[in-house]
Amino acid sequence: MTKKIQSYHRTLLFGKWYRSERDDEGYMFTEFAEISADGHYEFTFMQHDDHGTVSEQSVESGDWGLVGDIHFTISKSEFVNDEHYAADLEHDDNYHAYRVLTLNSQIFEYQHILSNEVFILRRVIDNIALS
């Protein structure tokens, strides 16, 4: 018997997403993700205290895709505290694949294929100025 694979439409990923959680040392960790229709992504990772003071920040950019229930990223560049680093595309750590668990207009939940770590992003709703 063949297992039916859930298929998600890639347009559901277009836009801005975020997640925030506390790490083992008590620092807050926040990720902002911008996923573009042209297959480009930019992820901003920040470590900060409860008052919002950022102690560490990095910005990763690259390409992304979605096939069936598999989301993948290819990291091509990273800025760490304003210092630019080009990704070594021969290094395995720049390629990631995830199984999509939930994807709708508000939630993007996915699990790393190798580590089984689960991530839950929530859609950023932009304020629209009304005239």
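## About the model

This is a predicted model, in which local features need pLDDT of at least 70 and side-chain atom pairs count only at pLDDT 80 or more, while totals for chains, interfaces and linings use all residues. Residues are numbered from 1 along each chain as its sequence is written, and side-chain values use heavy atoms, with hydrogens and water left out.

## Overall fold

The protein has 9 strands and 0 helices, where strands (E, at least two residues) and helices (H or I, at least four) are DSSP runs numbered from the N terminus. Its C-alpha atoms fill a box of roughly 55 × 50 × 30 Å along the principal axes.

Of the 131 residues, 31% count as buried; buried means under 20% relative accessible area, exposed over 50%, and partly exposed in between, with a 1.4 Å probe and protein chains only. Contact here means heavy atoms within 4.5 Å. Among contacts between residues at least 6 apart in sequence, 33% join residues at least 24 apart.

## Aromatic rings

A search of the whole structure finds 9 aromatic pairs. Rings of Phe, Tyr and Trp (its six-membered ring) pair if their centres lie within 6.5 Å; planes under 30 degrees apart count as stacked, over 60 as edge-to-face and the rest as tilted. Tyrosine 41 and phenylalanine 43 form a stacked pair, 4.1 Å centre to centre with 25° between the planes. Phenylalanine 43 also pairs with phenylalanine 45, and this pair is edge-to-face because the planes stand at 75°, with the centres 6.3 Å apart.

How accessible is tyrosine 41? Its relative accessibility is 0%, so tyrosine 41 counts as buried. Phenylalanine 43, at 9%, counts as buried too, and so does phenylalanine 45. Elsewhere on your screen, look for the cluster that ring pairs build from Trp17, Tyr98, Phe108, Tyr110 and Phe119.

## The largest pocket

The largest pocket has a volume of about 390 Å³. On a 1 Å grid over the protein atoms alone, a pocket is an open set of points where a 1.4 Å probe fits, with protein on both sides within 12 Å along at least five of seven lines; lining residues have an atom within 4 Å of a point. Grid points are joined across faces, edges and corners, and the volume is the space filled by probe spheres set on the points.

Which residues lie closest to the pocket centre? Of the 22 lining residues, they are Arg19, Glu31, Phe45, Tyr98 and Phe119. Strand β5 (70-80) is among those that each supply at least two lining residues, and it gives the largest share, 4 residues. By class, the lining has 9 nonpolar, 6 polar and 7 charged residues; Ala, Val, Leu, Ile, Met, Phe, Trp, Tyr, Cys and Pro count as nonpolar, Asp, Glu, Lys and Arg as charged, and the others, Gly among them, as polar.

## Two glutamates in β2

Glutamate 31 lies in strand β2 and counts as buried at 3% relative accessibility. Its side chain joins that of arginine 19 through a polar contact of 2.6 Å, meaning a pair of N or O atoms within 3.5 Å; within protein, one must be able to donate a hydrogen and the other to accept it, and residues adjacent in sequence count only if both atoms are side-chain atoms. Leaving out residues up to four places away in sequence, glutamate 31 touches residues including Trp17, Phe43, Phe45 and Tyr110.

Glutamate 34 is also found in β2, but at 39% relative accessibility it counts as partly exposed. Glutamate 34 and glycine 15 are 19 residues apart in sequence and 5.7 Å apart in space, C-alpha to C-alpha.
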